[in-house]
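Here is a friendly briefing to read beside the model. Please have a look at the sequence and the coordinates, and then go on to the points below.

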Amino acid sequence: MDVAMKFLVCAIFLGAITSVKAADRKSIPSENLLVITAATRETDGFKRFMRTARQFNYTVKVLGLGEDWKGGDVARTVGGGQKVRWLKEEMEQHAERDELVVMFVDSYDVIFASSPRELLLKFQRFNHRVVFSAEGFCWPDQKLASKYPPVYNGKRYLNSGGFIGYATDLSRLVQSWSFRDDDDDQLFYTNIYLDKVQREKYNMTLDHKSKIFQNLNGAVEEVVLKFEKGRVRARNVAYDTLPVVIHGNGPTKLQLNYLGNYVPSAWTHEGGCEICNDDLLDLTQLQDEELPQVWIGVFIEQPTPFFPEFLERLVTMDYPSDKISLFIHNNEVYHEKHIQAFWEKHKDKFHKTKLIGPEENLKHGKARNMGMDSCRQDPQCDYYLSIDADVALINAESLKILIEENKSVIAPMMSRSGKLWSNFWGALSPEGYYSRSEDYIDVVQGKRVGVWNVPYITQVYLVKGRTLRRELAQRDMFTQEGMDPDMVFCRNVREQGVFMFLTNRDEFGRLVSTANYNTSRLHSDMWQIFENPLDWKEKYIHENYSKIFEEDGTVDQPCPDVYWFPAFSDRMCDELVEEMENFGQWSGGKHTDERLSGGYENVPTVDIHMNQISFEKEWLKFLKDYIVPVTEKLYPGYYPKAQAVMNFVVRYRPNEQPSLRPHHDSSTFTINVALNSKGQDYQGGGCRFLRYNCSVEAPRKGWSFMHPGRLTHYHEGLPTTQGTRYIMVSFVDP
């Protein structure tokens, strides 16, 4: 037998012996495991740690709750010795318990991914008395790196954020601590490990391949989510391991927060959000006078479409106005008229009010500090809702929903209509700017629904008043040179260990786009059909338009093949007329017309074309989105192109042009929308279809006729006898 064969046989024989020993070794009962952690405050991170511990029935002893932290600023420099002192004192009572296994872990940045049974099984497989977690960085003394035992596959350096061992050994190990509270705990354990005599004395090793402990610092790219049936694990793809304890050490807190949105079962494909109903408040049992007091900070920093509608939602939300105090910072002169109208109408409805106008020249960040201070300094303030003017909070229940979520800081998920632009970031780049998380699109599109721990929120969020007066008590939360106020705010919140949550469990509304908003027009919102189509629809389309497509649709047929249906809201009718009168360049109702390519109009009217007020592109969009579907329903088999060259508003007056002679339209079909009301704005008027001797003499404001243009529907405009009549006409598919 050659040397190689002898070596192979020996290896197999030794492996068999090891396997037999492992099989014969009695497993450690779960009740023999004690988890010890340190925490001075019950932060959001601590609560998350305890939730995952309870899920797996870990027995946890917390050291230091309610005490002052004297261990230094461990987020930025060395420290943490206070934890060793606490552990030393605690281990004195366990020093003689041979059967007890103790695991010490941090709490603010740690989550459990699996059970005590799996943990203890993996610990036994190490065949060591003490196992420390490992990482890829030699901290806090890089000069010690060369003294570590060589490691050819795995992380080489000790991390003190997690370790496990028999109580008798750990008790002896920590008894040698005799340093200050702000000395470094990791350096203490490192020096013991690097001393070969002590390492062998305590039978210490490191978890080089993250079998138990996964430290994320330097290993973020190695860790992915592994969705199992009804649960989620963090898998280390470098070593193909499923660690039990996940530690977001160093600058990896945000990655831990991301993993914690799923691990161990916060969100699963089978059950969705399985922790969303934990710790909710119930406001339904409270009378109005018992509801929390809320300060709402409103911020108008730029010209914003549909702003009057935004203001009205502050009054129509399902929350008693006398429980709301209002802080408004308006930095935009254009909106002063809107705020003045709202202020005069509604200011007395609110508990307290404060208005800061553009004349005070208050900078963005300082204004937000002032708004937040309104709640912080008011002992009666239970919650502070910050909302920007470009937030369309459509759901009247939004404020109650956010309060009931019972989070320190929470935002409703909002996005621009049909776009991925939202009010949160799922991740940050190393420089602290936007980075797309793996689940961002699914959260925005509602494919994953839950309450998510995210690193950045903006435009609308709710903060507990208690949180403002404690963790976020610093007065300047929003200002730093060269940084956006919301980025400064979110960084300050993160640094205080406060989690920012985002909920997409309900439909709240949407974000309004302020891009390309031209305020030089009389009614600028009319031009927003492209940028903000849903807001445009709510404001300008008739409330009964959608009923057209119901089985018994809201469509009349007053004459053969003449259909009559709701199209425009009263607001659209009024604003379109006002825009035309403001433009003022009405044609003279003569045959000569320089606006036309041939310069001649066969059947002239007193009118203004849409292209004269730069509205033709928007009008054609209206035809495509709202007229084409009606046409396809009413004229089956015809598929309109929604092309139109002649789109114009006609004005009829008794002393100007009262009527229109019989004619055909140069169109496949024509729409004719009444822009004002007979009997109120004018008398007479209407339309007569000669071939059918059929007249419509009482057009409804905002309703549109639709009829064939050529050949069959020869028609005339009946005389207007009093007042002024306006109609909008479009010759479609000429």
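**Briefing**

Asn361 sits in the loop that links β16 (353–356) and α11 (364–376); helices here are DSSP runs of H or I with at least four residues, strands are runs of E with at least two, and both are numbered from the N terminus. This is a predicted model, in which local features need pLDDT of at least 70 and side-chain atom pairs count only at pLDDT 80 or more, while totals for chains, interfaces and linings use all residues. Residues are numbered from 1 along each chain as its sequence is written, and side-chain values use heavy atoms, with hydrogens and water left out.

**Backbone details in loops**

- Asn361 has a positive phi of about 50 degrees, although it is not a glycine.
- Is Asn361 buried or exposed? With a relative accessible area of 62%, Asn361 is exposed (exposed means over 50% relative accessible area, buried under 20%, and partly exposed in between, using a 1.4 Å probe and protein chains only).
- Asn693, in the loop between β35 and β36, also is not a glycine and has a positive phi, of about 45 degrees. Its relative accessible area of 59% makes Asn693 exposed.
- The peptide bond from Trp139 to Pro140 is cis, with omega near 5 degrees, and Pro140 belongs to the loop between β5 (130–135) and β6 (157–166).
- A cis peptide bond also runs from Val263 to Pro264, with omega near -5 degrees. Pro264 lies in the loop between α8 (253–260) and β12 (267–268).

- Four strands form an open sheet in the order β32-β38-β35-β36, with antiparallel pairing (two strands pair if DSSP finds at least two bridges between them).
- At the edges are β32 (660–663) and β36 (694–696), each of which pairs on one side only.
- From one strand to the next, the twist averages 15 degrees.
- Three bridges join β35 (residues 687–689) to β38 (residues 715–717) in the antiparallel sense. Arg688 has Glu716 as its bridge partner in β38.
- Arg691 is in the loop between β35 and β36, and it counts as exposed at 57% relative accessibility.
- Which residues does Arg691 contact, leaving aside its neighbours within four places in sequence? They are Leu711, Thr712 and Tyr714, where contact means heavy atoms within 4.5 Å.
- The C-alpha atoms of Arg691 and His713 are separated by 6.9 Å, though these residues are 22 apart along the chain.

**Nonpolar cores and a buried strand**

- The largest nonpolar core has 91 residues, and those with the most contacts inside it are Ile296, Val298, Leu314, Leu399, Phe424, Ile457 and Phe489. Such a core is a set of buried Ala, Val, Leu, Ile, Met, Phe, Trp, Tyr and Cys residues joined through side-chain atoms within 4.5 Å.
- Strand β14 (residues 294–300) gives this core its largest share, six residues.
- A second, separate core of 46 residues includes Val512, Tyr545, Cys573 and Ile608.
- Beyond its neighbours within four places in sequence, Phe489 is in contact with Met372, Tyr461, Val463, Met477 and Phe478.
- Strands β14 and β15 run parallel and are joined by seven bridges, with Val298 opposite Ile328 in β15.
- Seven of the seven residues of β15 (residues 324–330) are buried, so this strand is largely enclosed by the rest of the structure.
- Ile324, Leu326, Ile328 and Asn330 are buried on one side of β15, and Ser325, Phe327 and His329 are buried on the other, so that both faces are covered.

**Two helix pairs**

- Two packed helices are described by the angle between their axes and the distance between the axes.
- The axes of α3 (residues 81–91) and α6 (residues 185–194) come within 7 Å and cross at roughly 65 degrees. Axes are lines fitted to C-alpha atoms, for helices over the stretch in contact, and angles run from 0 to 180 degrees between N-to-C directions.
- Helices α3 and α6 are therefore roughly perpendicular to each other (65 to 115 degrees counts as roughly perpendicular, under 35 as roughly parallel, over 145 as roughly antiparallel and the rest as oblique).
- Gly81, Lys83, Val84 and Leu87 of α3 make the contact with Asp185, Phe188 and Tyr189 of α6.
- Helix α16 (residues 533–540) packs against α17 (residues 570–583) at an angle of about 90 degrees, with their axes 6 Å apart, which makes the two roughly perpendicular.
- In this second pair, Trp536, Lys539 and Tyr540 of α16 meet Arg571, Met572 and Glu575 of α17.
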